Amino acid sequence: MTSIKTSLGRRSFLKVSVLSSGGLMLGFNSLLSCTAKTEKEVQALPKEWFELNGYLKIGENGVVSIMSPNPEGGQNVKTSMPMIVAEELDVAWENVIVEQAPLNTAAFSRQFIGGSQAIRQGWKTLRMAGATARQMLREAAAQTWQVSAEEITTAGGVLYHKNSGKSAGYGEMASAAAKIEVPEEVKLKDKKDFKIIGTSQKNVDGKKIVTGKPLFGMDIYREGMLYAMIVHPPAFGMKLKSVDDTAARAMPGIKDIFTVKSMEDDYERLFFDTCTFPEVVAVIGTGTWEVMNAKKELKIEWEPFSEHTISRDAFGQKQTITIPSGLESTATHLSKMAEMKDKQVTVARKDGNPEEAFKNAAQIIERTYTAPFLAHNCMEPMNFFAHVTPEKAELAGPLQKPELTEKTLAARLGMPVEKIDIQMTRLGGGFGRRSYAHFLLEAALISQKVEAPVKLIYSREDDMTSGIYRPAYSATYRAALDEQNNLIAFHVKAGGIPESPLEENRFPAGAVDNYLAEEWTINSNLTTGSFRAPRSNFMGAVEQSFLDEVAEAAGKDPIEFRLELLDRAAKNPVGENNDYDPGRYAGVLQLVREKSDWNSPVTGVHRGVSAYFCHNSYVAQVIDLTLEKDKPVIERVCCAVDCGIVVNPDAATNLAEGAIVDGIGNALFGAMTFKEGVPEKNNFHNYRMIRHGEAPKSIDVHFAQNDLDPTGMGEPTFPPALSALANALYKASGKRYYHQPFMAEIPSEG
Amino acid sequence: MATINLSINGNKYVVDADPKTPLLWVLRDKLNLSGTKYGCGIAQCGACTILLDGDAVRSCQLAVSVVENKKITTIEGLSENGDHPIQKAWLEYDVPQCGYCQAGQIMSAVSLLERNPKPTDEEIDSAMNGNLCRCGAYVRIKAAIKSASNSI
Ligand code: FES
Ligand code: FES
C-alpha cells in the first residue's frame with residue numbers, strides 16, 4: 001500500500017466544507033434546470049447529505065455523490081475521474097451519482113483540460129479524496145463500536161468489524177464521519193485490489209445526451225435573457241475603423257449595438273489570453289435569428305493595423321510579442337517556409353558529428369514536409385453566458401481552462417475574483433480551442449453594458465474565421481545510411497508560423513550517433529494556439545512518414561527498422577536528454593505487430609505503420625486500406641496504446657477511435673488557407689471534414705498491461721494516424737505524401 | 001410577425017414569429033427545446049435534424065411558416081423515457097463523445113430505419129453522410145444503427 005500525505009488536500013478539503021454549506025451548487029441548477037446532477041440509476045436520493053470533503057458527500061441511505069472537478073468535453077473525465085474517487089472510497093459504482101463541480105480553485109486542483117493531463121495529474125488527488133473519506137468513515141465506526149480503526153475493513157460501501165461481527169453501511173456512519181478530523185496521512189489501495197478502475201463504465205451523461213437534455217453552453221436559458229453575436233474584422237491584419245449601425249438598429253428585435261474591447265491594448269496578457277480580434281462589434285437582440293439578420297445591415301469600415309507589440313506573462317516569463325502588420329496569404333507562407341530550408345537557424349540539439357557522417361554516407365535521403373493551418377471546428381460553436389451586475393458576475397459555458405481565465409476577467413470587469421462565479425457546462429468539443437476565453441470576456445462585457453443576462457453565440461462563420469488556429473508547419477528531414485544500410489546520421493530542421501514544432505529529444509534522438517535538430521519560426525499576425533497534441537500533431541505525422549521511407553531505402557521492414565533503433569536507444573543511448581522510454585516504445589510496436597497480423601499480409605490490402613510518443617503515452621497504429629477506383633477505403637485501424645493503468649477501458653477506446661478518425665480526417669482534408677488576410681473557408685461547405693462514409697470500417701484498440709500511473713489518452717492517439725495513413729497510401733499508390741492535406745493530391749475524390 | 005401554430009412532439013404551440021425564421025431558432029430560442037442543435041446554419045452538418053412527418057430534415061433550412069400544422073418530432077419527443085430502440089442502442093454502445101452532434105445523428109438514424117429497417121453499410125453511410133461528428137464517433141454510430149436494426 002502507498003501512504004500519502006494529505007497536507008494539500010487537508011487544507012483545501014476544509015476550506016470547501018465551509019464554502020459548500022453556503023450552497024455552492026445552487027447557481028448551476030437555475031441555469032440548466034437541474035442538469036448538474038446525473039441521475040444514474042440509484043434507488044433513491046437521500047434526505048440528507050454529509051460532506052466528507054470537497055469531492056464527495058454521502059447520504060444517510062448510502063448513496064454517494066462525487067464531484068467531477070474538470071470540464072467535460074468528450075474525453076469522459078466526468079465518468080473516469082469520479083471512478084477513481086469511488087475506488088479508494090470503496091463503494092459500489094451503482095450507488096454513485098456524479099455532479100459537475102463549479103470553478104473553485106480553493107477546493108479543487110487543476111480544473112482544466114488540455115495536454116491530456118486530467119487523469120494523470122488528478123490521479124493522486126482523486127485517490128486521496130476517496131481514501132481520506134474512507135479513513136474518516138472507519139474512524140467513525142471505530143468510535144461508535146469502541147474498537148480500533150485498524151481492525152475495520154470496508155467493501156462495497158459497508159464497514160465491517162470482524163471480531164465483533166458488527167457492520168454498518170457508509171450512510172449510517174456518514175453523519176459521525178463528517179465530524180471526524182481529516183487524517184494527516186492515508187493509505188491508498190494496492191493496485192491489484194482495484195475493483196472499479198480498469199472496468200468499463202458507461203458515460204454518466206449518456207441518457208441526457210440521447211434524450212436532448214440541456215447540457216451545453218449553447219443550451220443555457222434564463223428568463224429575460226438577451227442574445228448577442230459579434231462582427232469581427234474580415235481579415236487578419238485589419239481592425240475596426242467606424243460603424244454605421246442605423247439600419248441594423250431599426251431591425252426587429254434589436255436591443256443594442258456597440259463595440260466591445262475584450263483586451264485593453266496595454267494589458268499584460270496571461271498565456272491563454274490569446275485573443276483573435278481584441279475589438280469587435282456586438283449586436284444584441286431578443287433572438288439569435290433577429291441578431292443574425294441585423295448583423296447583415298451593419299455598415300462597418302475596417303482598416304489595416306500597423307505593427308505593434310503586446311506584453312505577455314507566460315507562466316512567469318515576461319514576453320513582448322511583436323504583431324506584424326500586413327495581409328498574409330497562404331502562397332507567401334509556403335514560399336517563406338520553403339526558404340528556411342537553406343537558412344542558418346537555431347541548433348536545438350547536436351550529437352556526434354553529423355556533417356562528417358553525411359559526407360561519408362553511402363546514401364542520403366532528404367524530404368520536406370508541410371502542413372497547413374487548421375481550424376478546430378468544434379461542433380458547438382464558441383459561446384458563453386454572462387450575467388454581470390455591480391454585485392456579482394455570473395458566467396457559464398464551455399471552457400477548457402476556466403481557472404486560468406478568472407484573473408483576466410476580474411481585471412477587465414474591474415471586479416474582485418471573489419465576486420466572479422464561473423460555471424462549467426459540457427463542451428461540445430474543445431480540441432484546444434476552448435483554452436482561450438476571449439468569448440467569455442466579450443459575453444461579460446456585453447452583459448455589463450446592457451445590464452441583462454446575455455448569451456453570446458458565434459455563428460459557424462464567426463467561429464471558423466476568427467480561429468486560434470493550429471500553426472502551419474514545415475520540416476526537412478535528412479537521413480544518412482552507410483554501405484550496410486545502417487542509419488549513421490539523422491537531421492531534422494523544423495519550424496512554423498509562428499511557432500516551431502520541434503521536439504529535439506524525441507525518437508530517433510538517442511538512437512543515432514550523429515544527430516542534429518534545428519528550428520526556426522516565422523512571425524505572423526494570424527492567431528494560433530493549442531490544437532489536439534500541439535506540435536506532436538505535426539512531428540508525429542511527418543517524422544514517422546520519413547522513417548518509413550528510410551526503412552525502405554535500407555531494405556528493412558518498417559517495424560523491424562524502428563525496433564532496431566529502439567534497441568540501440570535502450571542498450572546504448574546517445575545523449576542524456578532523451579525524453580522517451582525505449583522499452584515502452586518498442587512494446588507498443590510489438591503489440592501492434594501482433595494484433596494487426598503484420599506478418600501475414602493480405603493481397604490487395606495496403607498497410608502503413610506508425611508509432612509516436614507524446615503526452616507521456618506511447619501509441620502505435622497500423623492502417624489497412626484498399627483502393628476503390630483510386631479512392632482510399634480504410635478497412636481497419638489497429639491501435640496499441642501504453643498509457644499506464646486504463647481507468648475506463650471502453651471510454652478510452654472510444655476516445656482513441658475518435659482521435660484516429662480525427663487524424664485521418666485532418667490528414668486527408670484539413671486545411672485553413674488565407675488570401676490577403678481573409679480566411680478562405682468559413683463553413684462546412686468549403687471546409688472539408690471527414691464524414692461517415694470516409695471513416696474506417698473498423699478500429700480495434702489494445703492496451704499495454706502494466707500498473708504504471710495513468711498518462712494521456714486524448715492526444716497521443718492522434719498523431720500516429722496521420723503518418724500511418726501516409727504510409728498506407730504509399731503502399732497503395734506508390735506515391736509518397738509530403739504535403740497535408742493529402743486529398744489535394746489524390747486524383748479522384750468520391 | 002405572424003401567429004403560427006405548431007405541432008411538436010404531440011403538443012400544440014402558438015408562436016409569434018417572423019414567418020421566415022428557421023424552425024431551429026423557434027425551437028431553441030422561443031420554445032426552449034434546445035435538444036436540436038445549431039452547427040452550421042447551412043444544411044451542412046446535420047446537428048439540427050428533426051423529423052417532419054417522419055422524415056429527417058434540417059431545421060436550420062426550414063422556415064417556420066412552412067411547417068405549420070405538420071407533425072414535428074424533436075429529440076425531446078422521440079420517446080417517453082429515452083427508450084426508443086435507437087436511443088437504447090446509443091447507450092449500449094456508449095456512442096457519444098462530446099455529444100453535441102448526437103441528437104442530429106439519432107434523428108437521421110431513426111428516419112433511416114423507418115424507411116429501411118435493414119440498411120447495408122453503404123446505405124447507412126449515404127443516409128448519415130450529412131451528419132458531421134467532429135469527435136469522430138462514426139464507427140460506434142454505425143455499430144449502434146446496425147444493432148438497433150436487428151432489434152426492430
Ligand atoms: S445547423 Fe442545420 S445542418 Fe448544420
Ligand atoms: S460526439 Fe462530439 S461532435 Fe459528435
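Analyst: What follows is a set of questions about strands and domains, with answers that set each value against its definition. This is a predicted model, in which local features need pLDDT of at least 70 and side-chain atom pairs count only at pLDDT 80 or more, while totals for chains, interfaces and linings use all residues. Residues are numbered from 1 along each chain as its sequence is written, chains are lettered from A and ligands numbered from 1 in the order in which they are written, and side-chain values use heavy atoms, with hydrogens and water left out.

User: What makes β18 and β19 of chain A edge strands?

Analyst: The open sheet has five strands in the order β18-β26-β25-β24-β19 of chain A, with mixed pairing. β18 (346–351) and β19 (363–371) each have a single partner strand, so one side of each is left without a neighbour in the sheet.

User: How do you know that β1 and β5 of chain B count as paired?

Analyst: In chain B, β1 and β5 (residues 71–73) are joined by two bridges in the parallel sense, and the requirement is at least two, so they count as paired. B:Ser7 stands opposite B:Lys71 in β5 of chain B. β1 (residues 2–8) also pairs with β2 (residues 11–17) of chain B, in the antiparallel sense and over seven bridges. There B:Ile4 stands opposite B:Val15, and in the hairpin, which has two residues between the strands, B:Asn9 takes a positive phi near 50°.

User: What makes the two parts of chain B domains, and what area do they bury between them?

Analyst: Domain bounds come from an automatic or database domain assignment, which for chain B gives domain 1 (2–77) and domain 2 (85–149). Buried area is the accessible area (1.4 Å probe) that two parts lose on being put together, summed over both, and here the domains bury about 1200 Å², 58% of it on carbon and sulfur atoms. To the side of domain 1 of chain B that touches domain 2, β3 (49–52) and β4 (55–58) each supply at least two residues.

Key. Helix = DSSP H or I, 4+ residues; strand = E, 2+ residues; numbered from the N terminus.
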